[in-house]
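User: Hi, could you walk me through the side-chain contacts in this one?

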Amino acid sequence: KQGFKLSNASVLDVAPTVMYLLGLPVDRKMKGRVLVDAIDEAYLKQYPVRYSAAYDSVLASTPGKAPVTQDEALKAKLISLGYVAGGSGSLVNLANFYHRSGQYAKAIEVWKKLLEENPGDVGAQIGLSNAYFELGREDEAIRGLTEVLKRDPRNLEAIRSLATIHLRRGRAEDALAFAQKGIVVDPQDGQSYLNKASALQLMGRHSEAVEQYLLAIRFSPDLAEAYANVAQIYSDQGNNEAALAMAHKALELGSDKAEVHYVMGRVLESCGEQDEALESYLIASQLDPQFVLAYIGAGSILIARSKLDSAIILATEAGELESPYRSYAYDMRGTAYFMKGNISQAKQDYRKAIEIDNNYLPARINLAKVYLNEGKRREGIEQLEAVLSLDPGNREARRLLDNLRK
C-alpha cells in the first residue's frame, strides 16, 4: 500500500513477509508474521497466505559432496559442543536436547537405549514417560511414572510430572493430590506449590490459589509462571495495578516464555492499553507458533479495530492447530468475514465452530443473527432455541427471541 505506515511490526516479521511476497509458503515455525496490513487487500484476496511445516525436510547440499542427513549434521554439532562423546551421560544430554527441541520420537529412542543398558535407570524412565505424554501417549506416560513411584514413592521428579500431566488434561483433583504429595516430600519445593496453586485455580478457588502461588515464589523466587498466574487472577478481579506489577515481574524472569507475554497482553488489555496488548499477544505467537490463545487475543483486538484481513489470517492459523479453542477461532473468523460482507463464508465458519463443539453458544447466536439478517426467521429461531436448551439463562438469546415474538 503506497504511503502506508506500519505499526506493531517486528524485525522477525521481515522473513515471513518476504517469503509471502516471493510466492512461497511461510514456515509455521518462524517467529514472525506476514505484515498483511501493509499489503493491498485485492492482492491478498488473489494470493492468500499459505503455510507449510515441510521446510524441516529440505536440505541444502554442496555440489560434488554427498548430502548430509539432518541426524548426522545434528550429531556433528553436538559433538563439537561437547554433548556427545560417548557414555550414558552424553546420551542423556542428547535425549534432553531432542525433548527441548520438540523431537519427542527421537528422544524416546534415546531413552529406550538407556533403559536397555540399565533397566533400573529411574531418570531415563521419567524422561521416556514425559516424551510419551508430549506425543499424546498418556497411558504409557502415566504407567511409566507410576512404576517409578512403586520403586521410589518419594521420587519428587516423578510426582511433579504426574501433577503436570493431570493439570494439562484439566484433572484438577488428581493434580492437587500429586502436588500435595510433592509438598510432603519437600515442604520447600516451589514447583509443587506452583502445581497446587494451578490445580486450585483450575477449580475456581482463586484466593487459595494466590496463597499457594505466593508460597511458590517464596521458595523459588525465579518461577515466572507463578507471577504470571497471580497477575491473571488479579486482572480478572479488577486489581489492575497489582496485576501489572506481577506481570512485569513475570516478564523480567521469563521473557522467553510465550505464556508470560500472553498474560501481559491480558493485563494490558484490561488496563485499556490496546497497542501494547496487541504487541504482547503477537510476541507470544512468535515465541510459540502453537500457542492458540495468543492468536485469539491478537485477533480480537484486530477485529475491534476493523483490521479484518489480519484477524482472518490469525484466526485461520488458530483454527488449523489442535487445541480446545478451535471453535472460538472459527467463530472469530466468521465474525471478521461477516464484517467484511462475506456472509457465505461467515456462515460456513459459524457452522464449523458448532460442528467442532456443539455446545459452543456464541457461534450459534452469531449464526442466528446472520439468518435473521437474511430474513430466514425459522432458521434463526431454531438456533436461538438450541442456545436456550443448552443454557436457559442466556440473556442475549432470550432477548433476541423475545423481540422476534413481539
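This is a predicted model: local features need pLDDT of at least 70, side-chain atom pairs count only at pLDDT 80 or more; totals for chains, interfaces and linings use all residues.

User: Great. How many aromatic pairs does a search of the whole structure find?

Analyst: The search gives seven aromatic pairs. Rings of Phe, Tyr and Trp (its six-membered ring) pair if their centres lie within 6.5 Å; planes under 30 degrees apart count as stacked, over 60 as edge-to-face and the rest as tilted. Take Y20 and Y43: their planes are at 90° and their ring centres 6.1 Å apart, so this pair is edge-to-face.

User: Where do Y20 and Y43 lie?

Analyst: Y20 is in helix α1 (residues 14-21) and Y43 in helix α2 (residues 41-46), so their pair ties together parts 23 residues apart in sequence. Helices here are DSSP runs (H or I, at least four residues), numbered from the N terminus.

User: Is Y20 buried or exposed?

Analyst: Y20 counts as buried, at 5% relative accessibility. The cut-offs are under 20% relative accessible area for buried, over 50% for exposed, and partly exposed in between (1.4 Å probe, protein chains only). Y43 is partly exposed at 33%.

User: What does Y43 form with Y47?

Analyst: Y43 and Y47 make a tilted aromatic pair, with 4.9 Å centre to centre and 50° between the planes. Y47 is partly exposed at 40%, and Y20, Y43 and Y47 form one aromatic cluster.

User: Switching to charges: how many salt bridges does the structure hold?

Analyst: There are 20 salt bridges, each a side-chain nitrogen of Lys or Arg within 4 Å of a carboxyl oxygen of Asp or Glu. One of them joins R137 to E140, with the closest N and O atoms 2.7 Å apart.

User: Nice. What about K249 and E252?

Analyst: They form a salt bridge too, with 3.4 Å between the closest N and O atoms. Both sit in helix α13 (residues 240-253), three residues apart, so about one helical turn separates K249 and E252. K249 is partly exposed at 29% relative accessible area, while E252 is exposed at 59%.

User: Which residues are linked in a network of salt bridges?

Analyst: E138, R169 and R171 are linked that way.

Notes: Residues are numbered from 1 along each chain as its sequence is written. Side-chain values use heavy atoms; hydrogens and water are left out. Helices (H or I, at least four residues) and strands (E, at least two) are DSSP runs, numbered from the N terminus.
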